[in-house]
Amino acid sequence: MTQIAFIGLGHMGLPMARNLLKAGQRLKVFDLVQAAVDELVAEGASPASSAADAVRDATVVISMLPASRHVEGLYLGDGGLLAQIVPGSLVLECSTIAPDAARKVHAAAAARGIGMLDAPVSGGTAGAAAGTLTFMVGGKAEALEKARPILAAMGKNIFHAGPDGAGQVAKVCNNQLLAVQMIGTAEAMALGVASGLDPAVLAEIMRQSSGGNWTLEKYNPWPGVMENAPASKGYSGGFMAELMAKDLGLAQEAAQATASSTPMGALALQLYRLLLKQGNGKLDFSAVQKLFVE
Ligand code: NAD
């Protein structure tokens with residue numbers, strides 16, 4: 001049976017690892033936060049005392065960390081994890097990071113005979129819990145075929161975006177579009193409510209009209225419109241605004257590298273930076289609504 005090391009048990013990693021356990025996979029788990037490790041151990045995972053301990057007997061290593069620096073810090077360099085992973089194993093790196101950072105890890109893994117896929121996800125914490133994530137995969141097709149049964153325990157749609165780093169490029173494009181949709185929805189909600197409309201009525205009209213989009217379907221930013229959305233829980237849980245700002249920064253780096261014009265992405269980044277400056281970085285990214293009502 002495959003022995004999986006799972007590193008990074010935050011908002012996303014914990015429910016993803018849980019779905020692997022439910023699918024009968026053998027997991028050894030590690031996070032800097034002991035409580036997250038304990039939660040999964042209570043559900044059948046083995047605890048690791050360090051990342052190196054987690055990968056000792058693993059043939060598949062999955063990581064779900066915040067940003068490029070965490071991923072590079074984990075895998076690369078003299079004390080890096082790639083030196084500990086058994087050659088012939090497969091690394092599934094699911095964090096959203098810079099495509100270049102992913103390519104660096106790909107190259108270092110290949111030099112040690114370790115397979116790797118960049119496999120960032122979309123679908124939020126609800127998708128992670130339900131096992132319905134979308135995986136955007138960069139790397140070799142053979143590696144993806146090996147990984148497919150494992151990814152399928154955590155996600156519904158698995159796309160091969162292209163070669164090394166392509167999954168990250170797709171993810172960055174997607175999140176730029178998501179941010180623009182979220183800001184546009186928040187702005188329209190505030191305008192309608194300021195003009196006397198009931199927020200729930202307006203949300204339903206726009207959802208079923210030509211302004212309809214994913215944020216209106218699943219993630220309305222106005223408190224109380226959707227019972228289970230982060231907006232109705234004080235903007236807690238979900239996808240932190242500071243992580244969205246990170247992704248918009250990655251989109252701007254990609255735009256710079258390709259001389260692409262991305263005015264909406266640039267504005268979205270500025271608005272999220274403002275939200276962060278107001279001390280809201282740890283709130284869910286739908287808290288961008290606050291810019292339009294306070
Ligand atoms: P998070 O901050 O909740 O979780 C990250 C976890 O990594 C934390 O538990 C942290 O303790 C752990 N960690 C950091 N460095 C570590 C290390 N060296 N060793 C072990 N553990 C370490 O973040 P999240 O919301 O789970 O997001 C993870 C990634 O997924 C990010 O790149 C994010 O952009 C992406 N993402 C998030 C969502 C979402 O809705 N939250 C959706 C899609 C993609």
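Tutor: Contact here means heavy atoms within 4.5 Å. The model is a predicted one. As a whole, the protein has 12 helices and 9 strands. Its radius of gyration is 20 Å, close to the 19 Å that the globule rule gives for 294 residues, so the protein is as compact as a globular protein of that length. The C-alpha trace spans about 60 × 45 × 35 Å along the principal axes.

An unreviewed UniProt entry annotates residues 165-291 as "domain: 3-hydroxyisobutyrate dehydrogenase-like NAD-binding".

Now the pair itself. Two packed helices are described by the angle between their axes and the distance between the axes. Helix 11 covers residues 241-258 and helix 12 covers residues 263-277. Their axes come within 9 Å and cross at roughly 150°. Angles over 145 degrees count as roughly antiparallel, and helix 11 and helix 12 are therefore roughly antiparallel to each other. The crossing of helix 11 past helix 12 is left-handed.

On the side of helix 11, the residues that meet helix 12 are Ala241, Glu242, Met244, Ala245, Leu248, Gly249 and Gln252. Helix 12 contributes Gly265, Ala266, Ala268, Leu269, Tyr272, Leu275 and Leu276. Sorted by class, this contact has 10 nonpolar, 3 polar and 1 charged residues.

Technical notes:
Residues are numbered from 1 along each chain as its sequence is written. This is a predicted model: local features need pLDDT of at least 70, side-chain atom pairs count only at pLDDT 80 or more; totals for chains, interfaces and linings use all residues. Side-chain values use heavy atoms; hydrogens and water are left out. UniProt positions are given in the numbering used here, feature names are shortened, and annotations may be inferred rather than shown by experiment. Axes are lines fitted to C-alpha atoms, for helices over the stretch in contact, and angles run from 0 to 180 degrees between N-to-C directions. Helices (H or I, at least four residues) and strands (E, at least two) are DSSP runs, numbered from the N terminus. Angles under 35 degrees count as roughly parallel, over 145 as roughly antiparallel, 65 to 115 as roughly perpendicular and the rest as oblique. A crossing is left-handed if the near helix is turned anticlockwise from the far one by less than a right angle, and right-handed if clockwise. Ala, Val, Leu, Ile, Met, Phe, Trp, Tyr, Cys and Pro count as nonpolar, Asp, Glu, Lys and Arg as charged, and the others, Gly among them, as polar. The radius of gyration is taken over C-alpha atoms; the globule rule is 2.2 Å times the number of residues to the power 0.38.
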